[in-house]
Amino acid sequence: MVQIYRMQNTSLNETVRCSTGIPFPRPNSGKFYASTITEIVFLISTSAFSSILNAVIVVSLVRKEQLRTPANLILTSMAVSDFLVGFLSEPIAVTRRIFDIYGYPSCLFQRMNLFLGSACVPVSFINITIFAFDRCFATVFPYRYIRYVTYKKYLILVLLVWIAIVLLSSLSFFKVVTQGSVELIYSFLFLTSLVLCFISYIVIYRTIRSLTKRTATVAIAESIPRNRDLKLVDNGVSRHLNQGATSRIERLEISVVNNEEGGSPAAITTNIRNLKGEKSRSWTAFILLSVFYLSYLPYFILGRVFERVQVDETSKYIARFWTINIIFLNSSLNPIIYCVRVQDIRLQLKATVAACFSLVRPAGELY
């Protein structure tokens, strides 16, 4: 029977023209078995959590029309990517670990995991980059953002990203293009994404800081009474304002209003009211970016360490796969960030869960 399995496995491997990239040690140590069994339990848990929560997030964002905004469409695309990781990639990884325990490493499962990873991972960091640009544009040019950014345009952009990445991953899977070429393209996209996100968040920080100062200035100017002889209280300390100081503050208020794109006091008032919301959304985008890169950082650092440090193959195998498990964990952390940081998503998620439970409630409880 073992020989039949090996023949089938060899046939499947030849079908996908597979070559094992990660060294496989002979399972002859307790450390190997303990680590692999722990990985299986870990992956089953995160797979169930990621699949269910991301599926509910997608349903919640699609279900309510008020949440169908361009920014939420990007979050939906990321949730779909995380769902595929939890629903497909992690179960395949569990199956591969089970085969590893019995000493039959399947190259086919490795190729399938590689295909799913090369499709979902680039989509995730490209979506994060688009999200960073979206927040930057919305913060710096709020009126142009409302005028030019639409749900339909973002839907076309997201679909084009998915089509391009899946096509490139398919070409790599069937060896139409070399894996090295695809990795080079993804590395370039990864570094470009990092630089563009870094620039975007610098611009967002400077803009919000400037808007905060303008908000404070307008608040002071609006609090000045028309009677010049009254006092303005600053931090609980009263001080007189003379005619010249009051005029300078009023002139500054006029310049702040005129510098806004709306060109009217109503426009600057609206922008002031939305400043807190823009801060929150920008922080959400920054947290998603930080968690993403922190999840992938151990994998890249470990690769550089193994080039300079001599370790046994079993330790290398275990360490490499645990860094991949940390990457899988990112798919479970993202929906938690959505729920914690975005109130509308959190409320709609509760409504969706409540609706699901009402569907499975026994018929006697409905009356």
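**Aromatic pairs**

I searched the whole structure, a predicted model, and found 15 aromatic pairs. I looked at F190 and Y293 to begin with. Their rings sit edge-to-face, with 5.0 Å centre to centre and 70° between the planes. I noted that this pair links distant parts of the chain: F190 is in helix α7 and Y293 in helix α9 (residues 265-308), 103 residues apart.

I then checked Y201 and F286. The ring centres are 5.4 Å apart and the planes stand at 80°, so this pair is edge-to-face. It also joins distant parts of the chain, with Y201 in helix α7 and F286 in helix α9, 85 residues apart. Y201 is buried at 11% relative accessibility, whereas F286 is partly exposed at 34%.

**Cluster and charge**

I looked up which rings group together. F125, F190, F292, Y293 and Y296 form one aromatic cluster. I also logged R144, which lies over the face of F141 at 5.0 Å from the ring centre.

**Nonpolar surface**

Which residues make the nonpolar surface patch? I list F133, V195, L196, F198, I199, I202 and V203, covering about 600 Å². Helix α7 (residues 179-223) gives the largest share, six residues. F133 is found in helix α4 (residues 107-140). I recorded F133 as partly exposed, because its relative accessibility is 42%.

Definitions and conventions
Residues are numbered from 1 along each chain as its sequence is written. This is a predicted model: local features need pLDDT of at least 70, side-chain atom pairs count only at pLDDT 80 or more; totals for chains, interfaces and linings use all residues. Side-chain values use heavy atoms; hydrogens and water are left out. Patches are made of residues with over 30% relative accessible area and no salt bridge: like charges are joined within 9 Å, nonpolar side chains (Val, Leu, Ile, Met, Phe, Trp, Tyr) within 5 Å. Accessible areas come from the Shrake-Rupley method with a 1.4 Å probe; for residues, only the protein chains shown count as cover. A salt bridge is a side-chain nitrogen of Lys or Arg within 4 Å of a carboxyl oxygen of Asp or Glu. Helices (H or I, at least four residues) and strands (E, at least two) are DSSP runs, numbered from the N terminus. Buried means under 20% relative accessible area, exposed over 50%, partly exposed in between (1.4 Å probe, protein chains only). Rings of Phe, Tyr and Trp (its six-membered ring) pair if their centres lie within 6.5 Å; planes under 30 degrees apart count as stacked, over 60 as edge-to-face and the rest as tilted. A charge sits over a ring if NZ of Lys or CZ of Arg is within 6 Å of the ring centre and within 35 degrees of the ring normal.
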